[in-house]
Amino acid sequence: MSGIKKTSKSWTTRRDQKAVRLAKIDHLLKGKLLGNAHIIEALELLISPGDKVVLEGDNQKQASFLSKALNEVSADKINGLHMIMSSISRPEHLDIFEKGIAEKIDFSYAGAQSLRVSQMIEDETLKMGEIHTYLELYGRLFIDLIPNIALVAADKADAQGNLYTGANTEETPTIIEATAFKDGIVIVQVNELVEELPRVDIPASWIDCIVVADQPYQLEALFTRDPRHITELQILMAMMTIRGIYERHSVQSLNHGIGFNTAAIELLLPTYGEKLGLKGKICKHWALNPHPTLIPAIESGWIESVHCFGGEVGMEQYTAARPDVFFTGRDGSLRSNRAMCQVAGQYAVDAFVGSTLQIDGEGNSSTVTSGRLSGFGGAPNMGHDPRGRRHSTPAWLDMINEQHELARGRKLVVQMVETFQSGNEPVFVESLDAIKVAKQAGLATAPVMIYGDDVTHVVTEEGIAYLYKAQSLDERKAALEAVAGVTPIGLRHNQNKVEKMRRDGLVAFPEDLQIRRTEAKRSLLAARSVEDLVEWSDGLYNPPAKFRNW
Amino acid sequence: MSVAFLFPGQGAQYAGMLHDIKNKWGLAPTFEEASEVLNQDVLSLDSSEKLKCNKNVQICLFIAGVATVRSFKNKGCSPDVVGGHSIGAFGAAVASEVLSFKEALLLVKKRGELMENAYPDGYGMGVVMGLREHQILSIVHELSTDAAPVYVANLNSPDQITISGTLKAIEKVLEKASKKGARKTKMLHVTVPSHCPLMEGVSSELRKTITEVKGKDPAVPFIGNCKARKLWKAADIKEDLAASVALPVRWHDTTEVMYEMGTRLYIEMAPGRVLTDLAAKSFPEARAISAAESTMKTLLILMEKEKM
């Protein structure tokens, strides 16, 4: 201790400040319970200008009662907040910036508000922090975005303040943990107060204040794909993926995106997959929400386990009745966990299979289209090769493409796209709109969803490009051109080169995989309507009204 | 969720349109008030002969829009957000109480006169369907000359875009657009090259007049034409009304901002249905309905359901 002075500062400033703030609402509380008529008053007493506030909301579940209340606090009292949000989804998430209640934002996804976000950045109504993947944002909650306040949602609370979050646990425990254990204040809206919880998902000692909302929190059925809308082109692509990727590389664990392409794969496993004798050999373990289109594969014994990011409206009873497959609590109901499932999807699966809106000539892809800043969500976590991975699986090892003593495997990152979107817009483009959007919004880097050098396979209605086999950038480009149809990128292809790539296994067309295009019929789908899915589930799946037409 | 009122622009007019509204919803005081302000019977302006004159078209569309709003108001119903396409924006300004009916009507008349007198002949507008903004922009840049200028005008939907300028240049652009894969191209029956720099003179004249009107901050959010922004201040809305005539109408963005603000019911004011179709196509999860083609009873039930 030679001459270096110890600082004499207080080590409990956050804890002291929390105590002072909580004392201000003492008269409004009964235990931890706050009457919902007092929520605005309480927020004005608990929040200070400039606070870092996490407002819970992802692409499914929203703390909607608390976001509405925050939008009604006086901007004279509460202003300049630094918001941290997984997803900017609801109108008031941006209204608070127009009113000056909030000033800066760090977020992950803004699909439902992407035009307004772009406008407000341009108009400087909103000061942009960074755009993250889900995992990065959760990570920063523990590093340099430590919250002063967390506004979150749960299904039920008991009188002590224990919480049940059930199937929609999602990121609630993660947000609360970062806040509660660094002396932030945790405010929870619940749908109801009960004497006894089905199970405790989050203990009362992590919680400071509970309010029973006037309405249940907003919850979207985001992962329900009506099989009625699956086209024969998508079925063809699904067949190619099953044969040319899952079978070829023995893909046993995986994550799927939410598109109709991947829904088609899920529905082809019990039919087409069965015919190929692949049951028990592929698609056994999943990091996936409880997609209703997974039901036939589960019921026919294809699937051993599914860990979920979140729940899915209508799947509660079904998941509860299949505890060997899903993660459930002692009470029987599903427990999801977005942070854990993102980690699983990043490190523990063989393959990620997703879709996108634009792919450039080198295979970089983005869902950002002109003037809309939609962010990332979780796809990049799954859609890249995690270089810290050390365990091997057959699929991972099968990606080794060099003779070297230290050669290592790779995660399969598969993009499934039709060469044109609706409205005649090519998916394969010379240059991503993301580049222009980055300039407009002053972003440090262009918002690329998945980088070309992470993509191992691209599947289109034309065929499969096995990009992991490319030995150079030129080869990667040529393989992409071969499957890019009549888009500007596809028109560059050279027929002789394409034939050579087919022989070398860099490109495969349906006939190379012994698939006849005429085989791709809707009759191959294990379920052709939501009604069929309900039947497969023995009536345990209860689709929301908008998917019912019987 | 919330309800947006959309006010149609040129193209929606037809002979007898004001008479139809009067037969449907009454509203005699509105037509009387308008006739008094203009010193002429407005019900004489909606004949096919009179509608050949651009000024009359603008006046009739504006009155029709306000009349529709008033019939809702008489039932105690108002929108959560408003926006109008081009001339329609003046109806939206009245609906959100930024301008009075009289103030707006005089401005509309002035706007019509200025536009009509700006370019006697040889100018107009065309529409391209099936190409994107950047594709049309590159064609326009290639073909526009100082002697025969042409511009991208209104962005009605991602693949329905109008162009303005000299007739010759428009024809060339349409021809090239067809070659480049446009689904459909056509000349519009419009004699004025609206929403492009050729209207800058009109815009500054209109700005002078509009400054004289005080205006009030809007009672409900107003989405502007020029940048598709939610506008809160009377001054910003007045500027948008003046500037818009020489700038593209970002209509698709306007309706998308409404959607992001929570709109799930779009009601198009009489006499239009074009904006209804555009909204229905862009937002399959929302409902879009034309007031002119529905009964007030249906409209009120839908509004009530939406606001629950």
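Predicted model: local features only at pLDDT ≥ 70, side-chain atom pairs only at ≥ 80, totals over all residues.
Helix 3 of chain B, which spans residues 54-74, and helix 5 of chain B, which spans residues 101-118, have axes that come within 8 Å and cross at roughly 155°. Because angles over 145 degrees count as roughly antiparallel, helix 3 of chain B is described as roughly antiparallel to helix 5 of chain B. The crossing of helix 3 of chain B with helix 5 of chain B is right-handed. On the side of helix 3 of chain B, the contact is made by Asn54(B), Lys55(B), Gln58(B), Ile59(B), Phe62(B), Ile63(B), Val66(B) and Arg70(B), while the residues contributed by helix 5 of chain B include Phe101(B), Ala104(B), Leu105(B), Val108(B), Gly112(B) and Met115(B). Sorted by class, this contact between helix 3 and helix 5 of chain B comprises nine nonpolar, three polar and six charged residues.

Helix 5 of chain B also meets helix 2 of chain B, residues 28-38, and here the axes come within 10 Å and cross at roughly 55°. Helix 2 of chain B and helix 5 of chain B are therefore oblique to each other, and helix 2 of chain B passes helix 5 of chain B in a right-handed crossing. In this contact, Thr30(B), Glu33(B), Ala34(B), Val37(B) and Leu38(B) of helix 2 of chain B are set against Phe101(B), Lys102(B), Leu105(B), Leu106(B) and Lys109(B) of helix 5 of chain B. The contact of helix 2 with helix 5 of chain B has, by class, six nonpolar, one polar and three charged residues.

Within helix 3 of chain B lies Ala67(B). With a relative accessible area of 0%, Ala67(B) is buried, and when residues up to four places away in sequence are not counted, Ala67(B) touches Ile21(B) and Leu27(B). Between Ala67(B) and Gly165(B), which stand 98 residues apart along the chain, the C-alpha atoms are separated by 33 Å.

Strand 4 of chain B, residues 150-157, is mostly covered, since seven of its eight residues are buried. The antiparallel pairing of strand 4 of chain B with strand 5 of chain B, residues 160-166, extends over five bridges, and a hairpin joins these two strands through two residues. Ser164(B) in strand 5 of chain B is the bridge partner of Tyr151(B), and Val152(B) stands opposite Ile163(B) in strand 5 of chain B.

In chain A, eight strands form an open sheet with mixed pairing, in the order 15-14-13-16-19-21-22-23. The edge strands of this sheet are strand 15 (305-307) and strand 23 (507-508) of chain A, each of which pairs on one side only. Strand 13 of chain A, residues 253-256, and strand 16 of chain A, residues 351-354, pair in the parallel sense over three bridges, and Asn255(A) stands opposite Phe352(A) in strand 16 of chain A.

A helix pair is also described in chain A, where helix 16 (residues 473-483) and helix 17 (residues 495-504) pack at an angle of about 100°, with their axes 10 Å apart. That angle makes helix 16 of chain A roughly perpendicular to helix 17 of chain A. Ala478(A), Ala479(A) and Ala482(A) of helix 16 of chain A meet Lys497(A), Val498(A) and Met501(A) of helix 17 of chain A, and the residues of this contact divide into five nonpolar, no polar and one charged.

Terms used:
Residues numbered from 1 in each chain as written. Chains lettered and ligands numbered in written order. Heavy atoms only, no water. Axes fitted to C-alpha atoms, helices over the stretch in contact; angles between N-to-C directions. Helix = DSSP H or I, 4+ residues; strand = E, 2+ residues; numbered from the N terminus. Parallel < 35°, antiparallel > 145°, perpendicular 65-115°, else oblique. Left-handed = near helix turned anticlockwise from the far one by under 90°. Contact = heavy atoms within 4.5 Å. Nonpolar A, V, L, I, M, F, W, Y, C, P; charged D, E, K, R; others polar. Buried < 20%, exposed > 50% of the residue type's maximum accessible area, 1.4 Å probe, protein only. Pairing = 2+ DSSP bridges.
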